[in-house]
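The sequence and model come first.

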Amino acid sequence: DSSFELKYNKYYIGLAQRGQPSNFAIFRPMKNVVRLEVRLNKSDKTEQSLNELGLDLMDYSRDGRYRIRLSKDDIKKNAEFIKSLLQSAYSESQGR
């Protein structure tokens, strides 16, 4: 969606839509990886999919986010799944 822009903060990169924060997903860049934190309801299906794809699922945080460590290769190999994960998080955020 072209209405989203990156919003650079001190500790993470968030998303804004038409100037308003929309942090259904945030990115925490690190030296060799980026940690993607996606706000989704906890689901066995989501966790199973992440594990089947071999993605590094760190944990499910207390604030309702899946924390996933992604390397460049992970992003290339699983781009469609990551896109669907972001779309699901966006859809859920609209229902809140």
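Q: How many bridges join strand 1 to strand 2?
A: Strand 1 covers residues 4-8 and runs antiparallel to strand 2. Strands (E, at least two residues) and helices (H or I, at least four) are DSSP runs, numbered from the N terminus, and two strands pair if DSSP finds at least two bridges between them. Lysine 7 stands opposite glycine 14 in strand 2. The number of bridges joining strand 1 to strand 2 is five.

The model is predicted: local features need pLDDT of at least 70, side-chain atom pairs count only at pLDDT 80 or more, and totals for chains, interfaces and linings use all residues. Residues are numbered from 1 along each chain as its sequence is written, and side-chain values use heavy atoms, with hydrogens and water left out.

Q: Which residue in the turn between strand 2 and strand 3 has a positive phi?
A: Strand 2 and strand 3 (residues 20-21) run antiparallel, joined by two bridges. Glutamine 17 stands opposite glutamine 20. Two residues lie between the strands of this hairpin, and the one with a positive phi, about 55°, is arginine 18.

Q: Which residues of strand 2 point the other way from Ile13, Leu15 and Gln17?
A: In a regular strand the side chains alternate between the two faces of the sheet. In strand 2 (residues 13-17), five of five residues are buried, meaning under 20% relative accessible area (1.4 Å probe, protein chains only). Opposite to Ile13, Leu15 and Gln17 point Gly14 and Ala16.

Q: With which residues is leucine 85 in contact, leaving aside its neighbours within four places in sequence?
A: Contact means heavy atoms within 4.5 Å. With those neighbours left aside, leucine 85 is in contact with Val38, Leu40, Thr46, Leu50 and Ile68.

Notes: Buried means under 20% relative accessible area, exposed over 50%, partly exposed in between (1.4 Å probe, protein chains only).
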